[in-house]
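Please open the model in a viewer and keep the selection tool at hand.

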Amino acid sequence: MKGIVASEGLAVGRIFRVEEAQVVKPFFTTEEHELTRLRNAALLSIDQLTQIRNHVMDHLGKEEALVFSAHIEILKDPVMMEEICQLIRKDVVAEEAVDEIIRNYVELFLSMEDEYMRLRSSDIRDVGKRMLNNLQNFGKNLFSGMEPNSIVVAHDLSPSETAQLPLDKTVGFITEIGGRTSHTSIFARNLGIPALVGVNGAMKLPNNTLMFLNAIEGEVVRILPGELDFYLTRIREHEKKNRELEDTKFLPAVTTDNHRVEVAANIGSPREAEIAVRSGAEGVGLFRTEFLFMERTGFPDEAEQFEVYSEVARSMGERPVIVRLLDIGVDKRLSYYKMPDEMNPLLGKRAMRLLLEHHEILETQLKAILRTSLTGNVKVMLPMIATVEEIRAARNIIDGIIAEMKNEGAAEELQIEIGITVEVPSVAISPDLFVDEVDFFSIGSNDLIQYTFAADRMNQDVSYLYQPCHPSILRMVKNVIDIAHDKGKWAGVCGEMAGDPVTAPLLLGMGLDEFSMSIASIPRIKYLIRHLSLKECRELVEESFRLKTHAEVDALVRNFLQQKKIAL
Ligand code: PEP
Ligand code: MG
């Protein structure tokens with residue numbers, strides 16, 4: 001069976017299926033009894049969720065625990081509870097009443113236009129499931145009877161169920177639904193448990209079957225008699241490689257012919273900054289500030305933003321931190337801010353285009369960043385730049401704020417480096433028009449590929465057009481790097497290309513200065529760079545420029561790595 005890798009790793013274990021609780025609806029007793037049962041179930045649920053929240057806070061952090069605070073809020077919502085009580089007063093048994101009202105709310109949220117609100121429907125469903133479970137059998141543990149070395153299989157694991165996984169007995173988990181970015185997947189990654197999601201028909205796997213969970217290539221296979229040793233050896237080799245990566249992650253990314261590059265992290269929160277440092281990051285090449293604006297009810301003020309940016313800067317010490325201005329629009333929406341209604345939001349008012357229309361949002365963020373730059377090594381990055389005028393407009397505002405801060409007594413040397421993400425072809429095909437306006441370029445390859453191929457990066461049907469090795473992309477990237485170097489400036493990549501072992505050797509060969517990637521990729525890319533020479537990577541780039549398709553270049557690099565005995 002195939003699935004989507006939610007959390008990388010390999011495991012051998014026996015299947016343990018988590019069955020959906022079957023709700024048996026009992027007969028209505030008396031109104032008073034039903035209301036008492038409801039109250040007890042709500043109190044028990046709040047109690048359980050508080051425990052889970054505290055446990056998650058201690059083991060994973062404040063942000064991961066937020067979702068459980070939201071669950072508690074749902075249970076404490078007097079309007080919803082009153083609706084349930086009203087049904088009970090009409091002689092409806094508690095289970096039925098909870099089921100019906102939760103279902104109504106789930107449908108209501110699912111029908112909302114706002115993506116953020118639609119996603120909240122799964123929280124309500126999760127809370128409903130817990131209430132029903134508690135009404136039926138006062139907190140029966142879903143995982144009771146689970147043996148050590150189990151691969152947990154479920155149709156779907158809610159965040160609260162994932163948080164209760166008996167970690168000492170779980171070697172991996174598989175769910176039938178879910179995506180890489182669901183809460184559950186993020187949990188699995190943070191816990192370091194190999195996990196596959198979106199595995200069709202996984203609940204048909206019989207309990208106790210011995211299986212190999214390959215959460216690297218995205219499959220789960222049955223282990224036949226006599227095959228166990230083969231899989232255990234694979235796991236041992238994988239662990240050996242991981243140990244090697246772990247042991248070398250703090251070494252600099254220097255090629256065998258002494259060319260050094262910077263390997264930095266893409267982060268979304270202060271906690272990730274800490275993890276980045278522990279993973280060997282030499283800086284933050286992209287701080288996606290959107291997350292600071294999400295999961296809340298209004299824009300964060302300057303003081304709050306300053307606190308968050310400072311926390312990141314403190315964690316990074318001397319290392320550089322590139323803060324990207326708010327890049328909202330399309331998939332990243334704020335519940336408290338109405339985005340314009342557009343036919344093609346991907347090509348509409350997003351990121352810098354929105355910010356330049358809303359000076360108050362832009363200025364608040366810039367002030368917080370500039371204040372942070374007084375004590376930390378902070379740079380600012382403008383997202384989705386398409387024209388020189390946009391950079392000039394932003395620079396004007398930044399200069400204005402700096403002048404104001406100096407007037408108010410800030411140090412005379414206050415200044416900040418300003419870079420742009422190169423993700424719109426108008427910039428990527430003629431970086432010479434832009435280079436004098438900026439201090440650095442950071443190529444956002446995810447969007448650059450989307451806009452170059454005119455293929456929505458969220459649309460599965462056109463995902464084959466995500467072609468990072470395509471010669472058109474490589475030529476643009478090389479041009480951006482060359483033009484930056486001509487003018488004594490540096491260039492980085494902060495899209496997935498930087499952390500992809502197939503594209504990284506090409507970027508290295510083109511002379512890229514900074515590779516910024518998901519934290520998990522850092523040790524592997526550093527290891528890769530330390531085993532390559534700049535000379536051979538330059539030759540690889542030259543050879544790739546003679547090819548015409550993504551597939552040909554991809555094969556060229558894979559072959560090159562294979563000959564060098566570097567496993568992907
Ligand atoms: C990119 O587009 O490559 C990028 C790094 O930004 P995001 O993925 O946040 O759009
Ligand atoms: Mg982008």
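This is a predicted model: local features need pLDDT of at least 70, side-chain atom pairs count only at pLDDT 80 or more; totals for chains, interfaces and linings use all residues.

**Domains**

Begin by colouring the protein chain according to its domain assignment: domain 1 (4–20 + 141–228), domain 2 (31–135), domain 3 (260–416) and domain 4 (420–568). Then show domain 1 and domain 2, whose C-alpha centres lie 26 Å apart. Their contact takes 12 residues from domain 1 and 12 residues from domain 2. Between them the two domains bury about 1000 Å², with 59% of this area on carbon and sulfur atoms.

Select Lys-129 and Glu-161, which form a salt bridge whose closest N and O atoms are 3.3 Å apart. On the side of domain 1 that touches domain 2, helix H6 (159–163) and helix H7 (183–191) each supply at least two residues. Colour that side by residue class: four residues are nonpolar, five polar and three charged.

**Salt bridges**

The structure holds 29 salt bridges. Select Arg-89 and Glu-82, whose side chains meet at 3.1 Å, N to O. Arg-89 is partly exposed at 37% relative accessibility, and Glu-82 is partly exposed at 33%.

Now select Glu-536 and Lys-564, a salt bridge with its closest N and O atoms 3.2 Å apart. Glu-536 is in helix H20 (residues 534–544) and Lys-564 in the segment after helix H21 (550–563), 28 residues apart. Glu-536 counts as buried because its relative accessibility is 19% and the limit for that class is under 20%. Lys-564, at 32%, counts as partly exposed.

To see a network, select Glu-290, Arg-324, Asp-327, Arg-350, Asp-447 and Arg-457, which are joined by salt bridges that share partners.

**Leu-506**

Finish at Leu-506 in helix H18 (residues 504–509). This residue is buried, with a relative accessible area of 1%. Beyond its neighbours within four places in sequence, what is Leu-506 in contact with? The partners are Cys-469, Leu-474, Leu-540, Val-541, Ser-544, Val-553 and Val-557. Draw a distance from Leu-506 to Val-541: their C-alpha atoms are separated by 5.6 Å, although the residues are 35 apart along the chain.

How values were computed
Residues are numbered from 1 along each chain as its sequence is written. Chains are lettered from A and ligands numbered from 1 in the order in which they are written. Side-chain values use heavy atoms; hydrogens and water are left out. Helices (H or I, at least four residues) and strands (E, at least two) are DSSP runs, numbered from the N terminus. Buried means under 20% relative accessible area, exposed over 50%, partly exposed in between (1.4 Å probe, protein chains only). Contact means heavy atoms within 4.5 Å. Domain bounds come from an automatic or database domain assignment. Buried area is the accessible area (1.4 Å probe) that two parts lose on being put together, summed over both. A salt bridge is a side-chain nitrogen of Lys or Arg within 4 Å of a carboxyl oxygen of Asp or Glu. Ala, Val, Leu, Ile, Met, Phe, Trp, Tyr, Cys and Pro count as nonpolar, Asp, Glu, Lys and Arg as charged, and the others, Gly among them, as polar.
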